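I opened a notebook for this model today. These are my entries, in the order I looked things up.

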Amino acid sequence: FIFKTTLQAQKNWKEITLVTKDNETIVGEVSIKTNFKYYPTLPVRDKITHAFKTYYPRDVKSFTIKMEEQDLYFKVFRIEAEYSENDLPLLDNSPTITLVTDTVFAQLLVGGSKNLYYFKDKRVFKDHFLLQSTADEAIELVNKKYYVDAAKTMVNYNQEYKNQLNRLLLNSPVINAQRINSTLFVKSKIKALIKDYNESVDDKQPAYEQMEEKMSVSFGIIAGGNNTSLKFKGASPELNQLQFDNSQGINAGLKVDLTFPKNRKKWSIYNELLFSNYNFISKDYYSIYLNEKSYDIANYMFKASYLKLVNAFRFKLPYAIAPFFQFGVANGFALHHSGTKLTQHTFNGVTTSYVTPFYSYRIYEQSILAGVGIDYKKMGVEFRYEKGNGMSGVHEISSKLDYMYILLNYSF
């Protein structure tokens, strides 16, 4: 983040080509932070000087925004808009439709014999669907919600859009009144209807279809190492006084990253199946000391290998060199584990040894984790901290494990 200004950014600013009412073509940049909903005004900055100029619908004929996946097309229309209230507390009791003359920016959803446009207004926050009638005019499909009774307990709809579609689309061999009357007033259904109409009339694919962003999935592999510390903190004085050098282990696994389409794809659900291991040997300590010839020295040894399922929320800045951080949980399942106590018993100068097994291992460990890292193209590196609830669930010998990882990843 300190050196953010040196990063090659995936720009918030996208190239826009704008055609004014005077047929002047202007190429500039426009800020895109979320999916397009509605532009009451259009601030455009010069690509070189970064000077701003604000355009209103009355100033513009059309514009195109160049995106990574697909260009977005917009036109300015003079329409008769239906702006009745949409929230339940504000609905009126009349099915009568009142239209308001307005000039709006609208986004092309489907192109072909019938061009379908869309905008979401900032007055009552409704979805509006427009069928282009002339170069600068469009017909709004109307679906008015209203209360049926004076007590305002029952809601109905004036579904005028069905009558409008019946008048406009019935020359298609695949569109009939039954299909139109069963079409819901939602974007996906209206788009599908107009797309089918265009294909049946033109006998070809539509000239343009705006694709809805969906959750994207990426797969990859992970490899790295961990530095793990162990400490007992239960009611056993013997175990609590143990001191262990940190264990260095290896890690390898698979990852699946599910990226949300909104907010410029900054948030994702990150999932990982990770192999991890550790090996601890305690430092010698006197468990019993009578004199120089009679004493016990004990050592504990713990080994384990785990398969961990990691689930985390990841936030990544949308740059070419992309810093990220994540937080989540891990559920570890022991593939192998062993714990032993080696006691060296010395009595009158004679030493014997014996091994006692550690029986309190559990095969399931839970952890919380947080990490930071950087992705570049298909490669990435992460530094991660994880705190586990230990190898034993017995209160008297409860333990805690702290993991520090450095992990490299590669996405396919």
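**Entry 1: Asn-271 and Asn-311.** I began with a polar contact of 2.9 Å between the side chains of Asn-271 and Asn-311. By polar contact I mean a pair of N or O atoms within 3.5 Å; within protein, one must be able to donate a hydrogen and the other to accept it, and residues adjacent in sequence count only if both atoms are side-chain atoms. Before going on, I noted the ground rules: this is a predicted model, where local features need pLDDT of at least 70, side-chain atom pairs count only at pLDDT 80 or more, and totals for chains, interfaces and linings use all residues. Residues are numbered from 1 along each chain as its sequence is written, and side-chain values use heavy atoms, with hydrogens and water left out.

I placed Asn-271 in strand 16. Helices (H or I, at least four residues) and strands (E, at least two) are DSSP runs, numbered from the N terminus. Is Asn-271 buried or exposed? Asn-271 is buried, at a relative accessible area of 18%. The cut-offs are under 20% for buried, over 50% for exposed, and partly exposed in between (1.4 Å probe, protein chains only).

I then listed what Asn-271 touches, where contact means heavy atoms within 4.5 Å. Not counting residues up to four places away in sequence, I found Leu-254, Lys-255, Val-256, Leu-258, Val-310 and Asn-311. I also checked Leu-307: it is 36 residues from Asn-271 in sequence and 13 Å away, C-alpha to C-alpha.

**Entry 2: Glu-272.** I moved on to Glu-272, in strand 16 (residues 267-281). Glu-272 is buried, with a relative accessible area of 2%. Its side chain makes a polar contact of 2.7 Å with the side chain of Arg-384. Leaving aside neighbours within four places in sequence, Glu-272 is also in contact with residues including Ile-222, Lys-308 and Leu-309.

**Entry 3: Phe-280.** I stayed in strand 16 for Phe-280. How buried is Phe-280? Its relative accessible area is 0%. Not counting residues up to four places away in sequence, Phe-280 touches Phe-244, Tyr-300, Phe-302 and Leu-401, among others. Gly-339 is 59 residues from Phe-280 along the chain, and their C-alpha atoms are separated by 9.4 Å.

**Entry 4: His-336.** I found His-336 in strand 19 (residues 321-347). At 44% relative accessibility, His-336 is partly exposed. Leaving aside neighbours within four places in sequence, its contacts are Lys-303, Ala-304 and Ser-305. I looked up Leu-239 too: it is 97 residues from His-336 along the chain, with 22 Å between their C-alpha atoms.

**Entry 5: nonpolar cores.** A nonpolar core is a set of buried Ala, Val, Leu, Ile, Met, Phe, Trp, Tyr and Cys residues joined through side-chain atoms within 4.5 Å. Which members of the largest core touch the most other members? Of its 27 residues, they are Leu-18, Leu-42, Phe-63, Ile-65, Ile-79 and Leu-130. Among the strands that each supply at least two residues are strand 1 (13-20), strand 5 (60-65) and strand 6 (72-82). Strand 6 gives the largest share, six residues. Apart from this core lies another, of 25 residues, among them Leu-242, Tyr-278, Phe-302 and Leu-401.

I followed up Leu-18. Leaving aside neighbours within four places in sequence, its contacts include Ile-26, Leu-42, Val-44 and Phe-63.

**Entry 6: helix 1.** Helix 1 (residues 160-169) has these buried residues: Tyr-161, Lys-162, Gln-164, Leu-165, Asn-166 and Leu-169. They pack against strand 9, strand 10, helix 2 (177-181) and helix 3 (187-202).

**Entry 7: positive phi.** Phe-125 is not a glycine, yet its phi is positive, about 60 degrees. I located Phe-125 in the loop between strand 8 and strand 9. Phe-125 counts as partly exposed, at 48% relative accessibility. Lys-152 also has a positive phi, near 60 degrees. Lys-152 sits in the loop between strand 11 (144-147) and strand 12 (155-158), and is partly exposed at 37% relative accessibility.
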